[in-house]
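I began with the ligand and then moved on to the fold and the charged pairs.

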Amino acid sequence: MTVQVQDTQDFMKVAKGRRSVRSYEPTEISKEDVQEILETATLAPSSSNMQPWRFLVAHDKESKSKLESAVLDFNKQRVAEASVGIVLLGDLKGYEKAEKIYDQAVKAGYMTEENKTQFVKSSLNLYRSIPQDKLKEIVLVDGGLVSMQLMLAARAKGYDTLPMGGYDPVKLKELFGISDQYMPIMVIALGKAAQEGRPTTRLPIEEVTFWNTMD
Ligand SMILES: Cc1cc2nc3c(=O)[nH]c(=O)nc-3n(C[C@H](O)[C@H](O)[C@H](O)COP(=O)(O)O)c2cc1C
């Protein structure tokens, strides 16, 4: 059954109001709020619904200071101030959860056991044969989708975020003991804004849109 959206106004407000926030109030965020934001984020689509995103949430002081030392200088104060820092990882073996994922679909009545068995078998065959570079591309795309949804979910709950590519991935992996199975995609600061994000501009839509052909 398709859920009909009655009112898109709230969504537009959230999407148009989101900005990268670089200064945060020294407030705590509850685990429940973080969990709700992550749960909403994981409604994002992913390749074969394999959901290869993993979230390493730096919530306590120690892990936050580890994260602070893994980000580049210009991001340190932002991570220090934010209530949590979320390291978004791509699980390069995420497809190994196919059986579990599609069992859930059977239990929910969305799929027959027979279809599941067939689908899981062919998906595992496919994903296990995909070269590492291509797998990285897949988790990057899925990681981008979940990140965006995370930032919008946070905004809808009254929080703000900053996506960060400015970190040292080698140091990050070392400090948190992240194995090569996981690929760091992004670090996202989350908290209550102390200062609004500065407005930014966008290219006119005509410049980034090609209608029907690339001419
Ligand atoms: C993948 C990615 C990496 C980014 N890395 C950083 C960063 O390391 N530090 C920072 O202050 N902003 C970072 N940003 C934020 C961008 O500068 C910001 O999204 C852009 O200027 C548009 O502003 P807005 O997010 O307020 O709309 C990053 C954004 C993205 C999507």
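How far does a polar side-chain atom of asparagine 75 lie from an oxygen atom of the ligand? I found the separation to be 2.8 Å, which falls under polar contacts, defined as pairs of N or O atoms within 3.5 Å, where within protein one atom must be able to donate a hydrogen and the other to accept it, and residues adjacent in sequence count only if both atoms are side-chain atoms.

Before going further I noted that this is a predicted model, in which local features need pLDDT of at least 70 and side-chain atom pairs count only at pLDDT 80 or more, while totals for chains, interfaces and linings use all residues. I also noted that residues are numbered from 1 along each chain as its sequence is written, and that side-chain values use heavy atoms, with hydrogens and water left out.

The ligand is surrounded by 14 residues, and the closest are Ser20, Arg22, Arg78, Gly165 and Arg202; a residue is near a molecule or strand if one of its heavy atoms lies within 4 Å of it. I sorted this shell into 4 nonpolar, 5 polar and 5 charged residues, where Ala, Val, Leu, Ile, Met, Phe, Trp, Tyr, Cys and Pro count as nonpolar, Asp, Glu, Lys and Arg as charged, and the others, Gly among them, as polar. Helix H4 (73–81) and strand S3 (160–164) each supply at least two residues of the shell.

**Entry: the fold**

I recorded 9 helices and 4 strands, taken as DSSP runs numbered from the N terminus (H or I, at least four residues, for helices; E, at least two, for strands). Of the 215 residues in the protein, 39% are buried, meaning under 20% relative accessible area, against over 50% for exposed and in between for partly exposed (1.4 Å probe, protein chains only).

In strand S3 I stopped at aspartate 160, which counts as buried because its relative accessible area is 10%, and whose side chain makes a polar contact of 2.9 Å with that of arginine 155. Aspartate 168 sits in the loop between S3 and helix H8 (169–176), and its C-alpha is 6.8 Å from that of leucine 72, although the two are 96 residues apart in sequence.

**Entry: salt bridges**

I counted 10 salt bridges, each a side-chain nitrogen of Lys or Arg within 4 Å of a carboxyl oxygen of Asp or Glu. Lysine 116 pairs with aspartate 103, with the closest N and O atoms 2.8 Å apart; this pair connects helix H6 (residues 113–129) with helix H5 (residues 98–107). Which residues are linked with these two in a network of salt bridges? I found that Glu99 and Glu113 belong to the network with Asp103 and Lys116. Lysine 116 is buried because its relative accessible area is 3%, whereas aspartate 103 is partly exposed at 24%.
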